[in-house]
Amino acid sequence: QVQLVDSGGGLVQTGGSLRLSCAASGRTFRSYVMGWFRQAPGKEREFVAAVSWSGSSTVYADSVKGRFTISRDNAKNTIYLQMNSLKPEDTAVYYCTAGTRGVRLSQYTDYHMFDYWGQGTQVTVSS
């Protein structure tokens, strides 16, 4: 099993920045594709970003390209989501996730590809 603890959310104004962190423990961290999803009240869970098991490849939702950066530090068993130029539509609970069910990184835009989830951290962007 893998345990994920995500943190770093908060309240920021439009145009501000936040960095989310996700600390992993349990099974071999490096063996998992890691990602972030988000969910706003009354909305479907949506893909944000994912990073390959090696950290060499990343994929982003079109809505966050150029603004968000996902990275991982396997030595620290931690992934990050740097969020810049935040918009009110970024307001959501953000969930860290880990999975091993696909081969191509692009497959990990589907939440079914992930096995483990953090508890979520709230990001609120005021207008």
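Guide: Buried means under 20% relative accessible area. The model discussed here is predicted.

Visitor: Why is Thr78 called buried?

Guide: Thr78 has a relative accessibility of 10%, so Thr78 counts as buried. As for its place, Thr78 lies in strand 8, residues 78-83.

Visitor: What makes the approach of the Thr78 side chain to the backbone oxygen of Lys76 a polar contact?

Guide: The distance from the side chain of Thr78 to that oxygen of Lys76 is 2.8 Å. A polar contact needs a pair of N or O atoms within 3.5 Å, one able to donate a hydrogen and the other to accept it. The value of 2.8 Å is within that limit.

Visitor: How do you know that Cys22 and Cys96 are joined by a disulfide?

Guide: The S to S distance between Cys22 and Cys96 is 2.0 Å. Cysteine sulfur atoms count as a disulfide within 2.5 Å, so the pair qualifies. A search of the whole structure finds one disulfide. Cys22 sits in strand 3 (residues 18-26) and Cys96 in strand 9 (residues 92-99), so the link ties distant parts of the chain, 74 residues apart.

Visitor: Why are Cys22 and Cys96 called buried?

Guide: Cys22 has a relative accessible area of 0%, and for Cys96 the value is also 0%. Each value is under 20%, and therefore Cys22 and Cys96 are both buried.

Visitor: Is the link of Cys22 and Cys96 left-handed or right-handed, and what angle goes with it?

Guide: The link is left-handed, with -80° about the S-S bond.

Visitor: What makes strand 4 and strand 5 a pair?

Guide: Five bridges join strand 4 (residues 33-39) to strand 5. Pairing needs at least two bridges, so these strands pair. They run antiparallel, and Gly35 stands opposite Ala50 in strand 5. The two strands form a hairpin with six residues between them, and Gly42 in the turn has a positive phi of about 75°.

Visitor: How do you know that strand 5 pairs with strand 6?

Guide: Three bridges join strand 5 to strand 6 (residues 58-60), against a requirement of at least two, so these strands pair. The strands run antiparallel. Ala49 has Tyr60 in strand 6 as its bridge partner. This hairpin has six residues between its strands, and Gly55 in the turn has a positive phi of about 85°.

Visitor: Why is strand 5 called mostly covered?

Guide: Strand 5 spans residues 46-51, and five of its six residues are buried.

Notes
Residues are numbered from 1 along each chain as its sequence is written. This is a predicted model: local features need pLDDT of at least 70, side-chain atom pairs count only at pLDDT 80 or more; totals for chains, interfaces and linings use all residues. Side-chain values use heavy atoms; hydrogens and water are left out. Helices (H or I, at least four residues) and strands (E, at least two) are DSSP runs, numbered from the N terminus. Buried means under 20% relative accessible area, exposed over 50%, partly exposed in between (1.4 Å probe, protein chains only).
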